[in-house]
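Please look at the sequence and the 3D structure below. The report then takes up a few features in turn.

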Amino acid sequence: MMSSDLSSSHDAWASTPPKVTRPNPCCEPPNLLGECVFLGFVAILGITCVLLCKLILWLFHIEIDFGQPAWHQWLQRPEKQDVNTWLNGQKSIINFSFAGVSKPQDTLHLRAAANENIALAFNITNSLTTASTSTHKNFLKMASGIINRPGRDWIKLFEKATSTLTAELPRDTSQPLHLAEATRITCLKVVLIDNFQISSDILPRDSLVIITDEINNQWLKAKSSSEKPAISSLLIHHLTALQRRDPRCLCWPFDQLEPEEILSMIMPQYETLWRVVMVTYILAFHLYPSPTLPSRISSVPECLGTNSLEEREALKLAKEGLRLTPSNKRIYRHTPSSSFKIKADLELMHRHPSIWGPTALEFSPSRFDNLSPLQTEAYLPYSLRPHRCPAFGGFGDRMVTCLVVAMGRVLDTKAGKVFNTEPTKRAGVVGTGRDGLEGWRYQRG
């Protein structure tokens, strides 16, 4: 019996594997040398990746906006470039020389590819959105014909602007005027009247409000949305409704164009106009009022189109406005044979302290009395050849001056003042984004 028990115990013991005592890792001495080598390797790898990324961004002129003003980013970069070298690089993007192309079909393709979302948001086909040389030439011919039309009545356009702004003022003087909305309505009405010679009777306020709001919303979607934007049916509906009003008020070709064709014509003018007009008005009449302003603009609108000394003085108001608020803050291009989109920072070119001095962010039309060669080279409100804006040559400056002075006459500083319901980062500097101007109001009294 005992022998059997012992045998069974022996068999059980033999079949049970011996316990292996594993060393406690916590009790092992640390391998400091190995850890230091590993951490050093990770640090070197990280630094190499950062430098490589910066090299790629530099090679392709790509900038990343982290919410700071563009010129602030540039100044904070450790690899500060010579300003002339940097300026030449920016201009090479604008004139396509960075890509080594000069044929119209090539330059149009690089521009159209960068503006694809705008074409989708408005279903427009013009020089900004087409890669077709024939479409580009036809549009340019039509736009130049409108802009260079002889006998333009600047006094009539000025009166239309002042009457529209007067009608926008709230009857209750205690209520402030929504400045952005009033500016958009006024600019669109003047552009439609000037481009198509139509009667203002077919431009009801409600339709103008919806059209301008939808254009603004669509533009913001085109610039910021990660998804492909779709055209606004509400925008098309109200443009069509304008065409179907009393035919006696219509003038060819307004009543014979598709709504998308009307947008193709007015977008390069209206959409880039209202922000310039509004910001210039705020800066010139409220934030940086000059004792010389009344005399500078006293001959407006009679002097417009006369090429006189009085006109040249008055147009400096628009020139300074376009310096601080260029119609396009960035000019985008696609790079050949790649999906990269690069930009020339026109706003920075117009505000850089190494170019414009310590008063770069201040509104001062008198700086155009005598620009330095570097300032003249950096001032490009109408872009550069081969695709310079048709408004170059006087029309753009005159239209801005006409509308800004109209605002100054109606929204007089003696009768009221402007204020911003939204906080600003820096006193004396007006945000120039399409969604950054909605807080401004004009209050009488």
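## A strand pair

Arginine 330 faces aspartate 345, a residue of strand S3. The model shown here is predicted. Strands S2 and S3 run antiparallel, and five bridges join them. S2 covers residues 330-334, while S3 covers 341-345. S2 is mostly covered. Four of its five residues are buried.

Helix H5 also belongs to this picture. H5 spans residues 104-114. Its buried residues are Thr107, Leu108, Leu110, Arg111, Ala112 and Ala114. They pack against strands S2 and S3. They also pack against helix H6 (116-122) and helix H7 (133-147).

## The open sheet

A further sheet has three strands. It is open, and its strands follow the order S1-S5-S4. The pairing is antiparallel. Which strands stand at the edges? They are S1 (177-178) and S4 (416-420). Each has a single partner strand, so one side of each has no neighbour in the sheet.

Now take the pairing of S1 with S5. S5 runs through residues 440-444. Two bridges link S1 and S5 in the antiparallel sense. Histidine 178 stands opposite arginine 441 of S5.

## The largest nonpolar core

How many residues does the largest nonpolar core have? It has 104. Phe122, Leu179, Leu263, Tyr281 and Leu411 have the most contacts inside it. Helix H9, residues 179-196, gives the largest share of this core, with 11 residues.

Some nonpolar residues sit on the surface. Phe38, Leu39, Phe41, Val42 and Leu45 make a nonpolar surface patch of about 540 Å².

Is phenylalanine 41 buried or exposed? Its relative accessibility is 54%. Exposed means over 50%, so phenylalanine 41 counts as exposed.

## Two cis peptide bonds

Most peptide bonds are trans. Two cis bonds can be found here, as follows. One joins valine 300 and proline 301, with omega about 10°. Proline 301 lies in the loop between helix H14 (293-297) and helix H15 (309-324).

The other cis bond runs from arginine 385 to proline 386. Its omega is near 15°. Proline 386 is in the loop between helix H18 (373-378) and helix H19 (395-410).

Most residues other than glycine have a negative phi. Where does phenylalanine 96 lie? Its place is the loop between helix H4 (83-94) and H5. Phenylalanine 96 is not a glycine, yet its phi is positive, at about 70°. This residue is buried, with a relative accessible area of 0%.

Asparagine 307 is another residue other than glycine with a positive phi, near 55°. It is found in the loop between H14 and H15.

Conventions
Residues are numbered from 1 along each chain as its sequence is written. This is a predicted model: local features need pLDDT of at least 70, side-chain atom pairs count only at pLDDT 80 or more; totals for chains, interfaces and linings use all residues. Side-chain values use heavy atoms; hydrogens and water are left out. A nonpolar core is a set of buried Ala, Val, Leu, Ile, Met, Phe, Trp, Tyr and Cys residues joined through side-chain atoms within 4.5 Å. Buried means under 20% relative accessible area, exposed over 50%, partly exposed in between (1.4 Å probe, protein chains only). Contact means heavy atoms within 4.5 Å. Two strands pair if DSSP finds at least two bridges between them. Patches are made of residues with over 30% relative accessible area and no salt bridge: like charges are joined within 9 Å, nonpolar side chains (Val, Leu, Ile, Met, Phe, Trp, Tyr) within 5 Å. Accessible areas come from the Shrake-Rupley method with a 1.4 Å probe; for residues, only the protein chains shown count as cover. A salt bridge is a side-chain nitrogen of Lys or Arg within 4 Å of a carboxyl oxygen of Asp or Glu.
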